[in-house]
Amino acid sequence: MRVPVAGSAAAVLLFIAGCGLMPNTKRDRQPQASKALQLAFCSIKSGQFFDQNNDAVVSVGDRITYVVRVSPVPEGGTPSCTNPTGSFYGAEQIVERREVGKGHSQFLTDLQGTVMLPDGNLRLMAMGTIQITDGERSLLARSGSQTFGMQTLFPGSHALSVQGQGGQFAGLLGSAQLKVGDPPLLAVRLFPQVTLKS
């Protein structure tokens, strides 16, 4: 059976036009441009200590979790903790203990956590540190709720890996630098995870 040439040409044109109306899925999935933001770690909302080996001392293998109130810092502005709008849910498992001075022990940790903000979440991972005084060690003799000081959880500056999770951070990866201060600041740089050609 022979198809008229005019009919074939019309069918091809309709097909091309239809493709033009279809959404470009690659373009729609294109990750956003790079982002930079600063977050102020304002205050500790809650904390828990888990004595994993039941030895009544802070030691390798033990774990702490905590929630910190977080406030985004406006670009070019100064940190303000008047009305924190986010939270950081942190979990740290102790992997090594070091004596850093009279009455102080520093613990290296495997740190993982999530910053939850109104416009998206950030997943954080790092080799972290916590610093505990002799007085605090006696308070951590058993598992349960604890009151941690900011200096205990964030005693020094260190780098972290960051993964965007949803919202305006979807498809972004990057790094962050935790800076000691009052309040401690988390400086984040995020970049597209992949570049899709349109």
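## The largest pocket

The largest pocket of this predicted model is lined by A36, L37, Q38, V73, P74, E75 and G76. A pocket here is an open set of points on a 1 Å grid over the protein atoms alone, with protein on both sides within 12 Å along at least five of seven lines, and a lining residue has an atom within 4 Å of a point. The volume of the largest pocket is about 150 Å³, taken as the space filled by probe spheres set on the points.

Strand β1 contributes the most to this lining, with three residues.

## The disulfide

One disulfide is counted, a disulfide being a pair of cysteine sulfur atoms within 2.5 Å. The sulfur atoms of C42 and C81 lie 2.1 Å apart. This pair joins distant parts of the chain, 39 residues apart: C42 belongs to strand β1 (residues 35-50), and C81 to the loop between β2 (63-73) and β3 (86-101). Strands are DSSP runs (E, at least two residues), numbered from the N terminus.

The torsion about the S-S bond of C42 and C81 is about -85 degrees, so the disulfide is left-handed. C42 is buried, at 16% relative accessible area, whereas C81 is partly exposed, at 32%. Buried means under 20%, exposed over 50%, and partly exposed in between, with a 1.4 Å probe and protein chains only.

## Basis of the values

Residues are numbered from 1 along each chain as its sequence is written, and side-chain values use heavy atoms, with hydrogens and water left out. Because the model is predicted, local features need pLDDT of at least 70 and side-chain atom pairs count only at pLDDT 80 or more, while totals for chains, interfaces and linings use all residues.

Key. Helix = DSSP H or I, 4+ residues; strand = E, 2+ residues; numbered from the N terminus. 1 Å grid on protein atoms, 1.4 Å probe; cavity = no way out; pocket = protein on both sides within 12 Å on 5 of 7 lines; lining within 4 Å.
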